[in-house]
Amino acid sequence: MWHREDYLLGLITNGPSRAQWQKVDRLGLRKYFDCVLVSGDFPWEKPDQNIFLEACKILNVEPRMCIMVGDKLETDIKGGKEAELGGTVWIPFQKDMESSDLPDFTIDKVTELPEVLPNSPKLKRPAHTSGINC
């Protein structure tokens, strides 16, 4: 069974720093994530693999142990694949499969995510990272 506390969660959002942080704060998202990265704070944005690798580094996990969940093939899924993450999950607003960057999984809503998450203990949150913040 999937439990939030079993996984580290990161949020990567593209856009100007101030505007994106205002959105994150207005929506109260920080409390749901172990790490939030805004592309405006870095020299790269999605789909550049470096922003995904930076999230892995901050969370102290290997890229192959991460799954990218996103709604855009051209930035989220492409970037996750280029960063060689363990998997990609697409939750499309509309299904437009005309892309070479097809996801490993496609689901219709975020509540279906537990069905595609690995249950292997080695893919779950390492005990030593429970207090990580970024």
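1. In this predicted model, helix α2 spans residues 49-59, and its buried residues are I51, F52, E54, A55, C56 and L59. An α-helix has 3.6 residues a turn, so residues three or four places apart point the same way.

2. Just after the helix, N60 has a positive phi of about 60°.

3. Next, the nonpolar cores. The largest one has 14 residues, and the members with the most contacts inside it are I12, L37, F52, V61 and L85. At least two residues come from each of β2 and α2. Helix α2 gives the most, with five residues. In soluble globular proteins, nonpolar side chains tend to be buried together.

4. Leaving aside residues up to four places away in sequence, F52 touches I12, K46, P47, M68, T75, D76, G79, G80, A83 and L85. There is also a second, separate core of seven residues, which includes Y7, V89, I91 and V116.

5. How many salt bridges does a search of the whole structure find? The search finds five. One of them joins the side chains of D76 and K46, at 2.8 Å from N to O. D76 sits in helix α3 and K46 in the loop between β2 and α2, so that the pair links distant parts of the chain, 30 residues apart. Are these two residues buried or exposed? Both D76 and K46 are buried, and both are also among the residues that F52 touches.

6. Another salt bridge is formed by K81 and D104, whose closest N and O atoms are 3.4 Å apart. Because K81 lies in helix α3 and D104 in the loop between β4 (87-90) and β5 (105-106), this pair ties together parts that are 23 residues apart in sequence. K81 counts as partly exposed because its relative accessibility is 32%, and D104 is partly exposed at 43%.

7. The side chains of K72 and D71 also meet in a salt bridge, at 3.7 Å from N to O. K72 is partly exposed, with a relative accessibility of 39%. D71 is partly exposed as well, at 25%; the cut-off for buried is under 20%, so D71 does not count as buried.

Notes. Residues are numbered from 1 along each chain as its sequence is written. This is a predicted model: local features need pLDDT of at least 70, side-chain atom pairs count only at pLDDT 80 or more; totals for chains, interfaces and linings use all residues. Side-chain values use heavy atoms; hydrogens and water are left out. Buried means under 20% relative accessible area, exposed over 50%, partly exposed in between (1.4 Å probe, protein chains only). Helices (H or I, at least four residues) and strands (E, at least two) are DSSP runs, numbered from the N terminus. A nonpolar core is a set of buried Ala, Val, Leu, Ile, Met, Phe, Trp, Tyr and Cys residues joined through side-chain atoms within 4.5 Å. Contact means heavy atoms within 4.5 Å. A salt bridge is a side-chain nitrogen of Lys or Arg within 4 Å of a carboxyl oxygen of Asp or Glu.
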